[in-house]
Amino acid sequence: MLEYNTPLTTNTVADRVIGQRGSFLTINFNGPKASDLYQPAGLALDSSGYLYVAAYGENSVFQYTTPLSTVANANLVIGQDTFSIDRENLAVTDASSIPYPSSIAIDASVIPNRLYVADTLNNRVLGWKDVTALSNDEPADLVIGQPDFDSSTCNNGGVSASSICGVSQLAVDGSGNLYVGDDGNNRVLEYNDPFAGCGSFPCVGGPANLVFGQGGSFTSNFPNNGGINANTMAGPGGIAVDADGNLYVSDPSNQRVRVITESCGSGAGMKKAAYPSA
């Protein structure tokens, strides 16, 4: 990973490199270590400035409390017992396993912040309720998309508001609502403040509150269902939410970005109307 102090200047060069022991001239992976990275995917920052990296190729998430140092080593690892291990699921699917994480989102609407990780291979999203309490191999407090922490089946129980098949990207809005790119089902799901429904932990999260890309139906998953229009998508990619609560979804198979505008009602989430953008 590269860090730029002034990324908006023309032809700027990176100020720091993370994952290559301070060297801009190497691309080596020297085995799982706190100093190395293999196929880093999603990135996120919490309100304290700590950096979280989805180390896709290491089946882990790394936290850096001092990411701007010259040679930055990760401070803790989630998904593995130690930095020297990168095994897939550690032989079992449970609250601590995150094989091939593809995206990370921080919910900064609450203090302490919450952490969400797209657990792609296990067709679920895992959540941690307190980033300040994380430790190596910390088990997740919340699971979304599966009926328990031990399951990993795509569309477990059938296509529904409670199922997920292949998570692409995550985003959280200013009210703590979570948006999940359910890539295998050609839709985006919205969960209104997923932790709010947890009476105790560990917790199995409830079903999604809204669906985008399937004409409002939670039980269909066809690409461009009903034909290409303002309400369809095919394999959602990146997701972002702006300060006004508008949702942006890259729709790569349709060569466009969809913009979904916020509803004005308190707790109502997003409107189902959506508009393709150039």
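**Exercise 1. A serine and its surroundings**

Find the backbone oxygen that the side chain of Ser60 reaches, then describe where Ser60 sits.

*Solution.* 
Step 1. The side chain of Ser60 reaches the backbone oxygen of Glu58 at 2.6 Å. This value, like every other here, comes from a predicted model.
Step 2. Ser60 belongs to strand S5, residues 60-64.
Step 3. Check the cover. The cut-off for buried is under 20% relative accessible area. Ser60 has 1% relative accessibility, so Ser60 counts as buried.
Step 4. List the neighbours, leaving out residues up to four places away in sequence. Ser60 touches Val53, Ala54, Ala55, Val77, Ile78, Gln80, Ile85, Ile98 and Pro101.

**Exercise 2. A hairpin**

Work out how strands S3 and S4 run and how many bridges join them.

*Solution.* 
Step 1. Locate the strands. S3 covers residues 40-45 and S4 covers residues 51-55.
Step 2. Read the pairing. The two strands run antiparallel, joined by 4 bridges.
Step 3. Pick a pair. Ala44 stands opposite Tyr52 in S4.
Step 4. Look at the turn. The hairpin has 5 residues between the strands, and Gly49 takes a positive phi near 85 degrees there.

**Exercise 3. A strand with two partners**

Is strand S13 largely enclosed or left open by the rest of the structure? Name the strands that pair with S13.

*Solution.* 
Step 1. Count buried residues. In S13 (residues 187-191), 5 of the 5 residues are buried, so the strand is largely enclosed by the rest of the structure.
Step 2. Take each face in turn. Arg187, Leu189 and Tyr191 are buried on one side. Val188 and Glu190 are buried on the other.
Step 3. Take one partner. S12 (residues 178-182) pairs with S13 in the antiparallel sense over 5 bridges. Tyr179 has Glu190 as its bridge partner in S13.
Step 4. Take another partner. S15 (residues 210-212) runs antiparallel to S13, with 3 bridges. Glu190 stands opposite Leu210 in S15.
Step 5. Look at the S12-S13 hairpin. There are 4 residues between the strands, and Asn186 takes a positive phi near 55 degrees.

**Exercise 4. Salt bridges**

How many salt bridges are there? Trace some of them, and say what the Glu3 and Arg16 pair ties together.

*Solution.* 
Step 1. The count comes to 6 salt bridges.
Step 2. Glu3 and Arg16 meet at 2.9 Å, N to O. Glu3 lies in S1 and Arg16 in S2, so the pair ties together parts that are 13 residues apart in sequence. Glu3 is buried at 14% relative accessibility, while Arg16 is partly exposed at 23%.
Step 3. Asp193 and Arg114 meet at 2.8 Å, N to O. Asp193 is in the loop between S13 and S14 and Arg114 is in S8, so this pair ties together parts that are 79 residues apart in sequence. Asp193 is partly exposed at 24%, and Arg114 is buried at 14%.
Step 4. Arg256 and Asp251 meet at 2.9 Å, N to O. Arg256 is buried at 13%, and Asp251 is buried at 1%.
Step 5. Look for shared partners. Salt bridges that share partners join Asp107, Arg114 and Asp193 into one network.

Note on methods
Residues numbered from 1 in each chain as written. Predicted model: local features only at pLDDT ≥ 70, side-chain atom pairs only at ≥ 80, totals over all residues. Heavy atoms only, no water. Buried < 20%, exposed > 50% of the residue type's maximum accessible area, 1.4 Å probe, protein only. Polar contact = N/O pair within 3.5 Å; in protein donor to acceptor, adjacent residues only side chain to side chain. Contact = heavy atoms within 4.5 Å. Pairing = 2+ DSSP bridges. Salt bridge = Lys/Arg side-chain N within 4 Å of Asp/Glu carboxyl O.
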